[in-house]
Amino acid sequence: MMDYVIAADGVRLAYDVTGEGAPLLCLPGLTRNMEDFEPVVEEFASRAQVIRMDFRGPGASDHADPATYHVPFEARDVLTLLDHLGLPKVTILGTSRGGIVAMVLAATAKERLSGVILNDIGPVVAQEGLNAIMGYIGRPPSARSLAEVAAFYPTFYAGVFENVPPATWADFARRLFREEGGRLHLRYDPRLREAVAPAFEPGAVAPDLWPLFDAFAGLPLGLIRGANSIFLSAETTAEMRRRRPDMAYGEVPGRGHVPFLDEPEAQAVIAAVLEHTT
């Protein structure tokens with residue numbers, strides 16, 4: 001059942017808890033929401049307490065001041081939720097932006113982590129992926145219905161996402177958009193565009209996240225990568241594996257950014273990390 005916790009600045013944050021066992025906190029990507037983790041609930045709620053959270057701005061959480069749509073605020077919101085639930089530590093499954101939040105927490109509040117699983121994200125985000133963000137963020141699609149946009153995805157993602165069942169595309173569309181009044185609406189605050197735009201200004205320098213990745217030392221760690229990802233390069237992946245040869249790793253064929261988490265390769269990584277944190 002969905003519930004809410006109030007952040008330090010009064011923003012209402014949505015979360016959901018399903019299942020019993022060691023806590024697994026699922027953190028979504030920049031414009032995504034807790035519904036992306038429906039396959040995780042289905043597969044793992046019988047052996048873990050699956051906690052899903054919407055960051056401020058997307059999903060069922062409140063829209064907030066765009067100046068707070070940044071990783072340090074989101075990391076602070078995660079700690080607020082953990083305190084609210086009375087959880088001293090959790091394993092984090094972080095998709096894209098959620099994985100970066102996990103890195104920040106490893107560097108600033110490592111004692112709250114039991115382990116981490118990164119879904120198609122690393123310390124370096126490929127420029128092609130960054131460019132893709134600005135191509136869509138804050139802009140609703142021209143399609144007028146969920147069915148229309150779901151039917152468009154196989155063509156749009158041809159060569160990147162392969163052999164995806166129509167039902168999976170329908171779920172993907174439902175998680176991203178809301179259909180109302182003969183048009184589709186974003187399920188996140190479009191002002192997220194304002195928050196990320198400065199990173200694309202001339203002369204902007206990306207922060208060095210390798211020290212944050214190295215802060216995972218001593219924690220069970222897993223990495224899921226879409227084989228066709230434009231966000232997480234093969235070179236960055238190789239360096240991550242060199243630094244953490246014990247890291248559970250799964251590459252999902254026929255998937256880009258990000259795997260849906262219903263794939264056997266993705267679920268094997270999640271299971272491997274949970275095995276070492278329970």
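Colleague: In which sense do β1 and strand β2 pair, and over how many bridges?

Modeller: Two strands pair if DSSP finds at least two bridges between them, and strands are DSSP runs of E with at least two residues, just as helices are runs of H or I with at least four residues, numbered from the N terminus. Here β1 and strand β2 (residues 12-18) pair in the antiparallel sense over 5 bridges, and Leu 13 in β2 is the bridge partner of Val 5. This is a predicted model, in which local features need pLDDT of at least 70, side-chain atom pairs count only at pLDDT 80 or more, and totals for chains, interfaces and linings use all residues. Residues are numbered from 1 along each chain as its sequence is written, and side-chain values use heavy atoms, with hydrogens and water left out.

Colleague: Which strands are the edge strands of the open sheet?

Modeller: The open sheet has 8 strands in the order β1-β2-β4-β3-β5-β6-β9-β10, with mixed pairing, and its edge strands, β1 (2-6) and β10 (248-252), each pair on one side only.

Colleague: How should I read two packed helices, and at what angle do α5 and α6 cross?

Modeller: Two packed helices are described by the angle between their axes and the distance between the axes. Axes are lines fitted to C-alpha atoms, for helices over the stretch in contact (heavy atoms within 4.5 Å), and angles run from 0 to 180 degrees between N-to-C directions. The axes of α5 (residues 146-156) and α6 (residues 166-176) come within 8 Å and cross at roughly 125°. The two helices are therefore oblique to each other, since angles under 35 degrees count as roughly parallel, over 145 as roughly antiparallel, 65 to 115 as roughly perpendicular and the rest as oblique.
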